[in-house]
Amino acid sequence: MHPVSTGAARRLRSVLRLQEIPLRLELRGITKRFGDLVANDHIDLTVEPGEVHALLGENGAGKSTLMNQLYGLLQPDEGEIVVDGEARTFRSPRDAIAAGIGMVHQHFMLVPVFTVAENIALGAEKTKAGFLDRRRARREVLEVSERYGLPVDPDALVENLPVGAQQRVEIVKALTRDVDLLILDEPTAVLTPQETEELLAVMRGLCDAGKSIVFITHKLKEVKAIADRITVIRRGRTVGTASPGTAEDELAALMVGRAVTLEVDKTPAEPGREVLTISGLAVADDRGVRAVDDVDLVVRAGEVLGIAGVQGNGQTELVEAVMGLRTPLAGSITVDNEDLIRMSTKQILRSGIGYVPEDRSLDGVVKEFSVAENLVLDQYDRPPYGNAFRLDPAAVDKSARERVEQFDIRTSSPDSAVGTLSGGNQQKVVVAREMSRPLRLFIASQPTRGVDVGSIEFIHGRIVHERDVGTAVLVVSSELDEVVALADRIAVMYRGKILAIVPPDTPREELGLLMAGITDSTRPASDAGDPAAEKGTE
Amino acid sequence: MTPVSTATVENPAEVTPTGRFWNRQRRLGVGVLVIGLLATILFGALAPSKTARFTLSEDAQGAAFSINGKLGAILFGVLAIAAGAVLLAGLLSRYSTAVLSAGILTFVLSFLCWQVAGNFLPLVDTASGTLELAVPLIFGALAGVLGERSGVINVAIEGQFLMGAFGAALVGTMAGSVWAGLFSAAVGGVLIAGILAVLAIRYLVDQTVVGIVLNLLALGVTGFLYERLMQADAQSYNQPPKMPEWKIPGLADIPVVGPVLFDTNLLVWLALILVFVVHFGLTRTRWGLRTRAVGEHPTAADTVGIRVRGLRYLNVLLGGVVAGFGGAYFTLVATGSFNKNMTAGAGFIALAALIFGRWTPFGALGAALFFGFAQKLATYLSAVGSPVPNQFLNMLPYLATIVAVAGLVGRVRAPAADGQPYVKS
């Protein structure tokens with residue numbers, strides 16, 4: 001099927017040189033199209049032996065598509081993959097693994113009901129007399145885990161492990177396959193700052209052990225902290241290579257195509273009356289586990305309360321409980337002393353509360369509907385748009401045109417389906433709709449997830465403006481930088497509890513520790529060169 | 001969507017399983033308690049005060065366990081109440097499954113004491129009858145296990161049975177060989193499985209819909225050929241040789257177990273051996289690990305170089321072979337000839353056994369035996385002229401499956417990717 005296995009060539013080479021030599025990879029003119037969309041447009045990339053090569057780009061720039069071709073999950077339409085000077089075709093991940101290439105995917109490729117050892121053995125099982133050699137599988141896991149300092153328990157069920165541990169399992173899985181080039185696809189997206197630090201240390205260790213790493217990310221600080229070289233990709237094209245010494249704003253400009261301001265301009269808050277009051281709130285998640293546990297919170301008029309925390313610590317359930325999408329187990333939620341728990345979501349929305357849900361495509365917009373229709377999803381049955389029986393298309397269209405203008409929604413027409421817009425413009429549709437009612441409270445969950453930098457700026461500006469006119473604002477984000485930039489007070493959420501409420505000028509490392517659930521101030525702080533300690537946004 | 005909660009209202013969904021008072025064990029306890037009370041009061045009152053004999057032989061002769069029917073019904077009923085009370089009190093939670101089984105068993109015994117009072121129940125006959133009825137269900141459920149653990153739903157077991165039964169009768173008669181019949185049964189099963197596999201895996205058609213259509217197709221094709229071919233000339237087309245009965249010397253002389261397990265035919269042994277083979281295959285071999293991975297998380301399997309679709313094809317076709325053997329049992333062992341729609345829904349009961357047995361080979365075996373026992377008991381009851389309609393017992397497999405799917409007897413979790421075609425993104 002494939003040409004003379006490089007497996008054999010590699011073995012030969014290691015025998016000759018008496019040690020494992022990291023491989024050299026070259027991608028030449030890789031092009032991949034999905035219908036009309038050119039996801040990768042003649043991309044060139046060279047990874048030298050033993051380096052950490054960062055692949056920097058916004059969401060949707062084509063980084064993962066490129067790497068999936070390198071890993072044999074997709075086949076390029078044009079271009080070639082050259083490993084150690086030899087052009088190769090990877091028809092499946094098996095070929096890529098045989099050539100010494102491993103990948104840790106953004107969404108972990110682990111079977112939840114299998115043990116760690118089973119997951120690692122899968123696809124490369126060793127057998128004894130036809131049966132799985134479990135003892136050997138365990139031993140291999142422990143060996144690799146020890147050699148590279150990646151603690152994993154071979155007998156643990158993967159579904160019971162925290163994400164940081166699952167990621168270690170993924171890395172160990174790749175390393176047991178004896179790969180020399182490791183692709184890490186957005187590895188820090190799900191990690192706390194401390195876990196990120198640990199991962200960066202592991203990456204350095206792997207390079208010292210002679211492995212090359214392709215590090216896919218859109219986080220500038222991490223790139224500067226670890227990369228030997230940086231390739232920036234924008235809209236499917238290579239737009240430049242840079243060294244880690246390049247300034248952050250320069251990298252950001254390369255990434256998004258223009259210079260952008262990274263900080264949010266805002267005046268000090270002038271908090272007024274208590275608007276949202278949550279006390280003793282407990283909420284169960286879909287599995288019935290208590291995801292929000294005895295939370296007390298107050299959001300005042302004219303302030304932004306930011307909730308920071310690694311995703312999955314109860315933020316989603318908290319917000320859904322406030323919006324009447326989830327029935328609390330206990331506690332009370334009031335806005336200006338009105339009880340929200342007894343109200344339906346529709347009543348809650350119409351009582352002066354705006355809500356930007358965290359998953360735009362699932363809960364924020366109806367993709368098949370037009371921009372205009374999406375803009376009146378909340379008020380279609382009220383004047384001037386209509387009543388209980390009929391809709392007034394002229395009124396809907398008129399107000400849509402106004403809001404498209406006002407919120408800078410880039411669409412060919414208000415009649416275009418929302419699904420055809422970019423993520424940032426879809427999000428602006430949601431924000432425009434939610435800010436079109438008179439508001440007392442504005443809640444935004446992950447307001448800029450998957451949104452381009454230009455739209456981020458715009459949305460942040462609108463949120464601050466809403467605060468300035470006296471609305472109480474609650475922002476939930478797993479991007480610490482976003483919370484720091486927007487919030488007047490930061491509540492850190494961990495395992496369903498609010499660990500602390502701190503001012504936004506709290507040092508990063510302190511926030512990071514809180515996000516990891518560590519409140520003990522005696523714990524030694526990380527060293528001075530800690531990239532997460534540097535201020536600024538991505 | 002309707003917020004009805006106040007500060008103290010408990011969520012109806014399970015919150016923390018250990019923290020709630022009405023946990024699974026207590027709910028089951030209430031159920032067992034109720035059936036125990038039913039047994040004690042109803043069965044006890046209805047049972048005549050005559051001796052119920054459970055003979056060890058195939059008829060009324062020989063050694064027997066005897067008990068007064070009324071006394072037995074009340075005694076076992078009280079034991080069932082006790083089991084229910086233990087569960088309800090939250091005692092012995094570590095052994096709750098055993099206590100639950102004891103509760104159900106004593107309920108069944110109480111029922112039997114009532115029914116058998118003044119009569120006799122031959123245990124060997126009941127046991128071998130149960131096994132005979134269970135064998136095709138075991139084959140069918142194992143066929144389901146093979147397909148569904150790799151992520152392909154197989155509701156076409158009924159159709160595979162029919163094709164297997166038909167192929168065995170036709171080729172067995174024409175070739176004059178029971179082994180040729182058995183082989184053709186496998187081919188018949190694979191034929192249906194092959195269509196299912198191609199449509200489900202290659203063309204991504206909804207697997208349940210394909211399964212149902214294939215059942216109808218098999219029914220139509222075999223029914224047509226039966227009427228046109230077999231009915232016209234049964235001698236040349238529908239008189240397959242019967243599977244020989246083999247008696248293992250020594251082992252066959254063990255009381256009760258011997259005549260049931262060691263004086264029987266190859267297909268019974270094959271079914272029981274396959275349960276072990278599939279179990280160890282799934283848990284201990286490379287094929288099994290990969291099969292389970294493909295059924296749970298096909299993308300993960302793909303990224304480590306496993307051919308997802310290939311493995312699914314293999315498993316569905318293997319399932320076809322196994323279900324074909326189940327079909328052969330109808331013509332080569334049970335009746336000796338093919339008849340239109342002769343499987344009469346057994347494939348669906350096998351599907352029920354698969355689910356009731358939680359997609360595991362041993363679970364499927366247990367469920368198949370349980371359903372076989374219910375059917376055997378139904379025929380016994382109508383033979384002794386019991387006032388209990390035997391339809392009640394024939395209902396049992398479906399009822400049990402509904403209970404199982406509703407999650408009342410523990411969490412029933414299908415493979416995560418069951419029924420989802422794998423498309424590379």
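Chain A of this predicted model is divided into three parts: domain 1 covers 1–100 + 182–254, domain 2 covers 108–177, and domain 3 covers 274–530.

Let's look at where domain 1 and domain 2 of chain A touch. The contact takes 10 residues from domain 1 and nine residues from domain 2. On the domain 1 side, helix α7 (residues 193–208) of chain A gives the most, with four residues. What classes of residue make up that side of domain 1? They divide into eight nonpolar, one polar and one charged.

Next, turn to a pair of helices in chain A. Helix α5 spans residues 134–147 and helix α6 spans residues 163–176; the two pack at an angle of about 105°, with their axes 10 Å apart. Angles of 65 to 115 degrees count as roughly perpendicular, and α5(A) and α6(A) are therefore roughly perpendicular to each other. From α5(A), the contact is made by A:Glu140, A:Val141, A:Val144 and A:Ser145, and from α6(A) by A:Val172, A:Leu175 and A:Thr176. Sorted by class, this contact has four nonpolar, two polar and one charged residues.

Now move along to a sheet in chain A. Four strands form an open sheet in the order β14-β13-β16-β17, and the pairing is antiparallel. The edges are taken by β14 (290–300) and β17 (338–339), each with a single partner strand, so one side of each is left without a neighbour in the sheet. In general, strands of a sheet pair through backbone hydrogen bonds. Strand β13 (residues 274–284) of chain A is joined to β14(A) by seven bridges, and these two strands run antiparallel. To find your place in the pairing, look for A:Ala284, which stands opposite A:Arg290 in β14(A). Helix α10 (residues 315–322) of chain A lies across β13, β14 and β16 (330–335), running at about 60° to β14(A).

Chain B has its own division, with domain 1 at 24–118 and domain 2 at 125–405. The C-alpha centres of these two domains of chain B lie 32 Å apart.

Finally, a word on confidence. Chain A averages a pLDDT of 84, and 90% of the residues score at least 70.

Note on methods:
Residues are numbered from 1 along each chain as its sequence is written. Chains are lettered from A and ligands numbered from 1 in the order in which they are written. This is a predicted model: local features need pLDDT of at least 70, side-chain atom pairs count only at pLDDT 80 or more; totals for chains, interfaces and linings use all residues. Axes are lines fitted to C-alpha atoms, for helices over the stretch in contact, and angles run from 0 to 180 degrees between N-to-C directions. Angles under 35 degrees count as roughly parallel, over 145 as roughly antiparallel, 65 to 115 as roughly perpendicular and the rest as oblique. Two residues are in contact if their C-beta atoms, placed from the backbone, lie within 7 Å. Ala, Val, Leu, Ile, Met, Phe, Trp, Tyr, Cys and Pro count as nonpolar, Asp, Glu, Lys and Arg as charged, and the others, Gly among them, as polar. pLDDT is the predictor's confidence in each residue, from 0 to 100. Domain bounds come from an automatic or database domain assignment. Two strands pair if DSSP finds at least two bridges between them.
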